[in-house]
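Dear colleague,

Please find below the sequence and structure that I am handing over to you. My findings follow directly after them.

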Amino acid sequence: MKKIIAANWKMHKTYEEAISYVKEIKGKNIDFEKKDVLIYPPFLYLCEVSRLLEDSNIKVGAQNVYFEKKGAFTGEISPVMIKSCKADYVLIGHSERRHIFKESDELIRKKVISSLEEGLRVMLCVGETLEERESQLTFNVIESQIKLALAGLEDYADKLEIAYEPVWAIGTGKSANPEDASRVHAFIKDTLKELFKKDANVRVLYGGSVNSQNAKDFLSAPNIDGLLVGGASLEPNTFLEIINAF
Ligand code: PGA
């Protein structure tokens with residue numbers, strides 16, 4: 001399976017910083033035969049980043065979306081709008097959306113369906129909190145997040161990626177170990193197979209304190225098909241080291 005390395009900038013960078021990052025990374029040497037590369041800039045810069053990367057192999061996605069196509073939803077952004085900025089991907093259910101903004105599994109499912117209907121690729125984030133992990137609930141939580149978001153969507157399997165991001169590993173400098181993550185990834189693939197009643201071939205990315213030192217270990221572990229990188233993606237040369245770590 002072709003690996004995928006994604007940068008999640010979250011709420012970082014001014015307009016000027018975003019543009020200079022993109023111009024810098026665009027000229028770098030990346031083996032696109034071996035990997036897909038993707039950037040999730042903040043909404044404000046989505047069209048411009050997308051335009052600047054139009055003639056490159058680097059893909060662009062939105063960090064969030066609202067499920068309605070248009071209407072009186074002040075401050076929200078629809079899948080139609082994302083598509084019109086020529087972005088291909090959308091990140092849905094990131095733990096910061098689930099926990100800080102209290103997004104429910106029901107809302108996440110609506111966002112997934114609406115985005116897929118619009119032709120976007122969806123990267124669904126799942127992951128357990130520290131408390132859930134310590135109560136041995138990791139697999140239950142992951143299974144329920146996947147089933148609630150994706151039941152009945154087997155026809156869209158080729159438009160999906162899953163990012164496994166243990167909440168306790170995000171932005172903490174305390175990553176999972178690749179063997180543990182690999183076990184959860186295998187479980188995610190089994191869950192999808194059961195849910196979709198077929199081999200879904202969905203790529204499963206690991207996210208949570210990935211850096212240029214640990215990237216290679218994650219990418220070499222079975223069932224880890226890519227990385228979703230937050231903090232370490234903010235500087236183009238560090239992100240490039242991660243992209244080229246294998
Ligand atoms: P981090 O964030 O790499 O800063 O831990 C990952 C993410 O939240 O996608």
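**The disulfide**

Cys 47 and Cys 85 are joined in a disulfide, with 1.7 Å between their sulfur atoms. Please bear in mind that this is a predicted model. A disulfide is a covalent bond between the sulfur atoms of two cysteines. Searching the whole structure gives one disulfide. The torsion about the S-S bond of Cys 47 and Cys 85 is about -50°, and the disulfide is therefore left-handed. This pair connects distant parts of the chain, 38 residues apart: Cys 47 belongs to helix H2 (residues 46-52), whereas Cys 85 lies in the loop between helix H3 (79-84) and strand S4 (89-92).

**The ligand and its surroundings**

The ligand takes up the space of the second largest pocket. There are 13 residues around the ligand, of which Lys 10, His 94, Glu 165, Gly 171 and Ser 209 come nearest. Sorted by class, this shell comprises four nonpolar, seven polar and two charged residues.

Which atoms of the protein lie 2.7 Å, 2.6 Å and 2.8 Å from an oxygen atom of the ligand? At 2.7 Å there is an N or O atom in the side chain of His 94. A backbone N or O atom of Gly 171 is found at 2.6 Å, and a polar backbone atom of Gly 230 at 2.8 Å. The ligand taken alone exposes 280 Å², of which the protein buries 95%.

With kind regards

Technical notes:
Residues are numbered from 1 along each chain as its sequence is written. This is a predicted model: local features need pLDDT of at least 70, side-chain atom pairs count only at pLDDT 80 or more; totals for chains, interfaces and linings use all residues. Side-chain values use heavy atoms; hydrogens and water are left out. A residue is near a molecule or strand if one of its heavy atoms lies within 4 Å of it. A polar contact is a pair of N or O atoms within 3.5 Å; within protein, one must be able to donate a hydrogen and the other to accept it, and residues adjacent in sequence count only if both atoms are side-chain atoms. Accessible areas come from the Shrake-Rupley method with a 1.4 Å probe; for residues, only the protein chains shown count as cover. On a 1 Å grid over the protein atoms alone, a cavity is a set of points where a 1.4 Å probe fits but cannot get out, and a pocket is an open set with protein on both sides within 12 Å along at least five of seven lines; lining residues have an atom within 4 Å of a point. A molecule sits in a cavity or pocket if more than half of its atoms lie within 2 Å of its grid points. Ala, Val, Leu, Ile, Met, Phe, Trp, Tyr, Cys and Pro count as nonpolar, Asp, Glu, Lys and Arg as charged, and the others, Gly among them, as polar. A disulfide is a pair of cysteine sulfur atoms within 2.5 Å. Helices (H or I, at least four residues) and strands (E, at least two) are DSSP runs, numbered from the N terminus.
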